[in-house]
Structure formats: C-alpha cells, structure tokens
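Colleague: I am new to reading protein models. Could you walk me through a few features, one at a time?

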Amino acid sequence: MTRMDRTGLTRRALLGRAIASGALAVIGTGFIAAKDAAWALEVTHITADEMAALLQMARDIYPHDHVADQYYAVAVKGYDAEDKKQMVAEGVAALNAAAVAAGHASYAAIGWEEDRVKVLQSLQDTPFFQTVRGGLVTGLYNQKEVWPLFGYEGESFSKGGYIERGFNDINWL
Amino acid sequence: MVAKFELSDDSVVVVIGTGAGGGVLSNELAQKGVKVVALEAGGRYLPEDYINDEWESFGQLAWTDPRTTSGDWRVAKDFSGLPAWIVKAVGGTTTHWAGASIRFQDHEWKALTNYGKVEGANLLDWPIDGAEMAPWYEKAETKLGVTRTGDRAGLPGNNNYKVFEKGALALGYKEVHTGRMAINSADYDGRMACQQTGFCFQGCKWGAKWSAAYTDIPAGEATGNLEVRDHAHVARIVHDDAGKVAGVEYFDKDGNLQLQKARVVCVAGNSFESPRLLLNSASTMFPDGLANSSGMVGKNYMRHTTGSVYAVFDKPVRMWRGTTMAGIIQDEARLDPSRGFVGGYELETLSLGLPFMAAFLNPGGWGRSFTTALDSYENMAGMWIVGEDMPQETNRVTLSETKDKWGLPVANVNFTDHANDVAMRNHAYARGQAIYEAVGATRTFPTPPYPSTHNLGTNRMSENAADGVCNKHGQTHDIANLFISDGSQFTTGAAENPTLTIVALAIRQADHIANELSAGNL
C-alpha cells in the first residue's frame, strides 16, 4: 500500500528532510520525500527511483510553479500498485534510455525542464506517456485541494450561489 | 396518481426516451388523456440529487455506455468512446442543457432554397416553416418560462457576460444581451429564480432552469395517464405482419427482456440512439431497419459547428460565478455568404470549472503553453460558438462491431467537417478573439469542439419520402404508427441551440397524435 503522510512527521520523513539535496529525495528503499518534509510517500510495488521519475514527469507534463509537489504526488501515487508496476518499470526505463541517448545520466537527473521536455516529446506518442498524461488530467486538476491554488471556488450551492456573493462584481472593465 | 399499465395493453402510446422530445411529448399526450408508457434507459435524479462537481456529476448523469467513433473530427481522436456529452436519466439532457432557448430564423427552415445547393452537402428544406411553428414556439416558451419572451425579464449579467458584452459592443455588435433562457429570472411555474450558482450543466439544484425531470414528467404522471419506467433499456421495436409497429422490447432494471405492446411508438432517444434502435430493429420485412426505405436512417448527422474561445486578462473575471450561458451575440447568426460560408452562428457565454477546463481547453495538450493558460484560470472569460453545420450523408450513425452489455450493437458515429463548417468556425474564432482583445485580453485560445451536445438529423423530416425518414409531423414515411420525436427529425440544424425547437415540435406532435387517435387514424 502507498501511504501519504502530509505532516511529514514520520521518522523517515524527518530523515528525508535532513539528507535531501534536490526537490525530491529518494531515501533508501521504497521511500521518497519532499525536501522540506511537507509530505512523504512510501512505495511498495515500484521503486523509489521510479516514483521519483513519475513525479518529475508529472511536473514536466503539467508544470504549475505555484502548485507544490505534494499534489503531484497524490496524482501519481496510484501507480504504486501491483498491476501497474510492469508498465511503470518499462515506461521509466524508456524515459531513462531516451535521456541517456541525449547525453544525460537519467531523466530525473536532467537539470533543465526544457531538456526533460525534449525527452518527453520523444516519447509522447507512447501508451505510457499518454496513460500518465491522461491520468493527470483528473488526478491533478480534480483534487479539491488544488482548486483554490487556481482561484477556483468549486461548489456554491451550499453558500446560496453567488447571487449575493459577487456573480457580477467585476470592477476593472 | 401514477399510472401502471399492463405489458399486454396494446392501447398505449410507447415513448422511448424522456428528454426534451420524449419527456414533453409524454406529458402533452397524458394531458390530453392519451395513455402513455415512457421507457427511459437512465435513472431518476432530482435537484436534491444533483452534484455541484463536474466529474462527479458526469459520473452520475452522462451516457457512458459504449459508442464508437470514426471520421476526421478531433473528438474521434481525443474522446473516441465519447462522441457526445449527453445524459442518461429521466428528463434526458434537459438536466444538463444550458437553457438557451432561441427560435430558428425564418430563412433557416428553407436551407436549400435560401443557401442554394452546396457541394458535398445534402441540404433540404424543412416541410414546415416559421409561420407554421410560431404558435408552437410560443407554447414552448411559455412552458419553459423563457426569459425575454412573453413578459418575462432577462437574467442579470454575470462577470463573464460583462466582459463579453463590452467586447461585443466595442466591435459594433448590436444584438447583445443575456439571452433568452429557460432559467427563471423571477419565480415562475412553481420554480424559483436563478441564484447565480453556476453548475447549470450539472443539473440545477434550485430547479430554476427548466428540466423535464421535475416539470413535465411529474405533471404527466399526475394525470394518471403516464407511466415512466426508468432503467428500461430498449432493444428493439417489433411490428406485425401488416408492417405496423406493435410493441417495444426492452431490458428492465433487473436485466429481463420485456415486451410492451403499443398502439403507437414514438422514438426519442436522441440522434445516436434513435437511428441505432431503428437499425437494430431490422426484420425480414424491413431488412435495412425500420422506416428506412429511403436509406436515410442514421445519415445526415449534424452536431452544430462549435468551438469555444477563451481569453485571459490581467485581472480576475471569475467566469464560473453565475449562470453558465446567459449571454449571446446574435449578429453573426444572419445569412451572409460574403463571409465565405452559408448559414450563421451564435456566440454565447460559456464557462467550465477548472477540472473540465483542464480536460477540454486543448485535449491532449501539455507543457507550459497549456499550463500557463490554466495558471490564469481566475482571469479567464469564455464563449461558445453555435453555428449551422452542413448535413452530409457520409456523416452518419451506423451499427458498430462493438456490442453493449445486452449484446446489442452500439452506435458508431462518423463525422468529418464540411468545408463550410471549417470556414464558419475559423470566422467565429477570429471574431471571438477580437471581442476579447477589444477588452484587453492578453492571450486568447481558439478551443476545439467538445463531445457533441447538439446531436441532430439522423432521422430527418422531409416532404418526399425518398429524401428523409419522417414527414412534417415526425411520422415516419414508411410506418404510420411510428414517430420520430427528438432532434433526429431535424432536416437542417440552423444556428440555434435546438432544445426549444425540439420542445415546440413535441408539443405540436402530441396535438397531431391525439387528433389522429381520436379520428381513428392510428
């Protein structure tokens, strides 16, 4: 099972904060954490390196600089599953192979987004890429916790709609 | 008192589908004392059941049974199993529709005459016209409580409308207003006024938008003449040795095949399911499907020339607040071939929530070009293009190799734009972008069509039996007691959102069927 710990207060998450050096830290076996320990993700079916690659891939496909990693982690955590692990292993291997072919150590090790995007573009017609991209459309943008980051207010019925709450409050026209 | 009729009762009119066509027809017949069994594939949902959440609501209401697609339209690539975004529920797509309720323009009833022959298109004049339809439109507007008709006031403009209106006026457009909407601007017909909640597409939780689900259906049931059977998936229409339809086979909610006998059958399953049903009802006597001696069943599928234009500004708009589609520019709906195409188009305000914007702004798109658009979601305004598309015989519904869970071949929907459709869409994109640029848009997005909501024409009405499937009353040319009662009877699509016309035709058809039953002609 995948476990998400947003408080980041587990022993391993704290450990992750101590030793992390990049945006994401792969820490030992089956564990990945954010640098600031805002969240931590344990993997059991796929490897931590594979999860780190998926997270980077999610960020590169739908990059929003004001959206923290934890939301991308939620969007891809479902790939840590028995019936997904082969697809992930093959997909990430292909990603890394393309990165190596372009002169990099691995996909996740590429420093500039622009260079990672070139690797992704070379694979964008593959089922792996399309599965991950398609899954993110709902996996990322349908998280209610993400909506306020875009200003989207979600349902309004429970508040009586906007009839008295600014449906026509535009003031700059 | 809700009626309950025997399966063996062959005196009933069976209506298949309960949306704008079937739901209204069922009620109108019941009001006249005609006994009706309405078969609805979906379940019952009322305002308290509707969900203000785009994907969750989609899961609740949308028709997601399998369909297949082919042709050059982008929907076939991006949403290959979902050619339409329509509803499977009692009340049909009247739960989801935006409420825009505008009449056809007079010239649109006679497209072939007024546009002339268009190469590659299969244009035809309707066997009815604006004068014939005027009183039925008035009844439909009264039923739906359409704003800006009768003495009903318009809706107030929301933020998205204000941006749209300012841009439209800057470009010199004159027919710009908050629309003729089947959404109450004041309490009407026992339903409350719009609370500017948004989520019009997810079912109106206030009941301020007209939907057959909570108006015509319960009104019909209250007469004691209407029985609505939900979760009834129709498989086949059966006929007798004389070639008249005699009943309808359907799978009930428990999956058992039932046969409801019938005096008259009215098909209103929308422009995919209605021709599919006629084709799936092929028999030794009718090897090409019912009512298909013309070969036109399934052909001439139209979906309106659509598309959207979104734009971002340097300040917030919050387009999702308030009525989703209460805003229209009608100037481009005129016939003016000097623009490079025949027919016209309406521009209507539209908004999507963040989840659907991510899915539909540029399906398949990714990377910063895409995400920086969503980063400005709060500063975004949007409009929808609704234009007349050309009927083409090759745009058609056929039976697919794929079968549904009952083992019935599903509908394959083949569609490719006509050159006229492309020219119109490009014109509309440019105008839409100019409208927003006139208000200071920093970036605009000509957005491709969504899965279709306006599905029309696959059992079209024609004067001559060789040109179409049904006559001016929706009665099939081949089988006197078989009627087409939904948007599939449209001869051409016109530029207007079709629901008002479907409702007007249903009221008119109910009058005709009741008269014919009384006269002993059916």
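**Reading helices and a chain contact**

Modeller: Gladly! Let us begin with helix H12(B), which is mostly covered, with 14 of its 20 residues buried. Keep in mind that this is a predicted model.

Colleague: How far does helix H12 of chain B reach from its first C-alpha to its last?

Modeller: A helix is expected to span 1.5 Å a residue, and H12 of chain B, residues 499-518, reaches 28 Å, close to the 28 Å expected. Just after H12(B) comes Gly520(B), where phi is positive, at about 75 degrees.

Colleague: Now for pairs of helices. At what angle do helix H2 and helix H6 of chain A pack?

Modeller: H2 (residues 48-61) and H6 (residues 127-139) of chain A pack at about 70 degrees, and their axes are 10 Å apart. Angles from 65 to 115 degrees count as roughly perpendicular, so H2(A) is roughly perpendicular to H6(A). The crossing of H2(A) past H6(A) is right-handed.

Colleague: Which residues make that contact?

Modeller: H2(A) brings Leu54(A), Met57(A), Ala58(A) and Ile61(A), while H6(A) brings Val132(A), Arg133(A) and Leu136(A). Sorted by class, the contact of H2(A) with H6(A) has 6 nonpolar residues, no polar ones and 1 charged.

Colleague: And between chains, how many residues of chain B are in contact with chain A?

Modeller: The size of an interface is often given as the accessible area lost when the parts come together. Here we can count residues instead: 35 of chain B are in contact with 28 of chain A. Helices H6 (159-170), H9 (354-360) and H10 (368-375) of chain B each supply at least two residues of the side that touches chain A. By class, that side of chain B has 14 nonpolar, 12 polar and 9 charged residues.

Terms used: Residues are numbered from 1 along each chain as its sequence is written. Chains are lettered from A and ligands numbered from 1 in the order in which they are written. This is a predicted model: local features need pLDDT of at least 70, side-chain atom pairs count only at pLDDT 80 or more; totals for chains, interfaces and linings use all residues. Helices (H or I, at least four residues) and strands (E, at least two) are DSSP runs, numbered from the N terminus. The expected span of a helix is 1.5 Å times one less than its number of residues. A residue is buried if 20 or more other C-beta atoms lie within 10 Å of its own, exposed if 12 or fewer, and partly exposed in between; C-beta atoms are placed from the backbone. Two residues are in contact if their C-beta atoms, placed from the backbone, lie within 7 Å. Ala, Val, Leu, Ile, Met, Phe, Trp, Tyr, Cys and Pro count as nonpolar, Asp, Glu, Lys and Arg as charged, and the others, Gly among them, as polar. Axes are lines fitted to C-alpha atoms, for helices over the stretch in contact, and angles run from 0 to 180 degrees between N-to-C directions. Angles under 35 degrees count as roughly parallel, over 145 as roughly antiparallel, 65 to 115 as roughly perpendicular and the rest as oblique. A crossing is left-handed if the near helix is turned anticlockwise from the far one by less than a right angle, and right-handed if clockwise.
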